[in-house]
Amino acid sequence: MASRKTRLVLMKILSLFSVVRGYNIPVIALAQYLSAIFILAPEERALDVILDINLFYIVLASSLTIASGYIINNFYDAQKDLINRPKKSMLDRLVSQQTKLHVYFALNLFVTLLAFLVSWRAVLFFSGYIFLIWFYSHKLKKYPLIGNLTAALLAVLPFFGILMYFKNFYQVIFAHATFLYLLILTRELIKDLENIKGDFVADYRTIPVMFGERVSKIIIASLVFLTVIPVYLLIEVYDVGYMDTYFYAGMIVIVWFLILLTKAENQKEYLRLHNILKFLIVAGVFCIVLIDPSVLVHGRKLLSII
């Protein structure tokens, strides 16, 4: 009897882990720290950045906000997830909707307390972030394009939070952000193609539902071609050290992605495209260490002189 209860508790913990997508959050936290060390504050010692208590609060608050965002998104998407991801949906349902809401509000309360430890600006930032996630999950994601644009914005906002903390507004940073934003926006559109059946049943007016797969593919291809602009700037105009290897390899992956996109017709093939983009984004996180911080510091000094 005791072992059955223990098993049920473990299953519910696993269910909640699935709901908050606990496997994604450590990667996002790592990306924030690597961005802070190699891009946003390269003139500071890595150890000083890692031990910065306010940065820790910001990264932790971002992670918990993202986790609560996954919960509220799961809450509103219960119907369509049952169609698009039946196995995952059954696991997620081991935790009741009421429990999910309790955890959601508890996480957001803790995020607010963490933000207070940093500054009133952090409180405003995270309050706005939490509200925007809820508004996206409740309303915006049901509309074509605006839902995709908002989803991509929500994905890069944690990095904007630490950008505001370090107050470094250099063009090279926005080139990185633009490349990341375009990749995430492309991934969001691929997810719409992947989830078209559930979106149709749940009356989500996404681009594939409203305009069909052909139009969606044209928009996706256009976004992929636009990534060439920030990649060119990062390789030819700004010096990003050995990270240019990542961008060259990334362009090869993108060409392969486009070839597969033209042939994709079912959920399994769209899922493969989704995973390719996810791999490209995660690889970009780890490749941040290839940036030579001294190059960025030197570039900033030149900009300040100019």
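Helices (H or I, at least four residues) and strands (E, at least two) are taken here as DSSP runs, numbered from the N terminus. On that basis the chain has 17 helices and zero strands. The radius of gyration, taken over C-alpha atoms, is 20 Å, close to the 19 Å that the globule rule gives for 306 residues, so the chain is as compact as a globular protein of that length; the rule itself is 2.2 Å times the number of residues to the power 0.38. The model is a predicted one, with local features needing pLDDT of at least 70 and side-chain atom pairs counting only at pLDDT 80 or more, while totals for chains, interfaces and linings use all residues. Residues are numbered from 1 along each chain as its sequence is written, and side-chain values use heavy atoms, with hydrogens and water left out.

Along its principal axes, the C-alpha trace spans about 65 × 50 × 35 Å. Buried residues (under 20% relative accessible area, against over 50% for exposed and in between for partly exposed; 1.4 Å probe, protein chains only) make up 47% of the 306 in the chain. Counting a contact as heavy atoms within 4.5 Å, residues 24 or more positions apart account for 77% of the contacts with a separation of 6 or more.

Helix α7 covers residues 97-118.

Next come the aromatics. Rings of Phe, Tyr and Trp (its six-membered ring) pair if their centres lie within 6.5 Å, with planes under 30 degrees apart called stacked, over 60 edge-to-face and the rest tilted. That rule gives twelve aromatic pairs. One of them, Phe-125 with Tyr-129, is tilted, at 6.1 Å centre to centre and 35° between the planes. These two sit four residues apart in helix α8 (residues 120-138), so about one helical turn separates them. Tyr-129 is buried, at 2% relative accessibility. Phe-179 and Tyr-246 pair edge-to-face, at 6.4 Å and 90°. Phe-179 belongs to helix α10 (residues 171-194) and Tyr-246 to helix α15 (residues 244-263), so this pair ties together parts 67 residues apart in sequence.

Technical notes. The expected span of a helix is 1.5 Å times one less than its number of residues.
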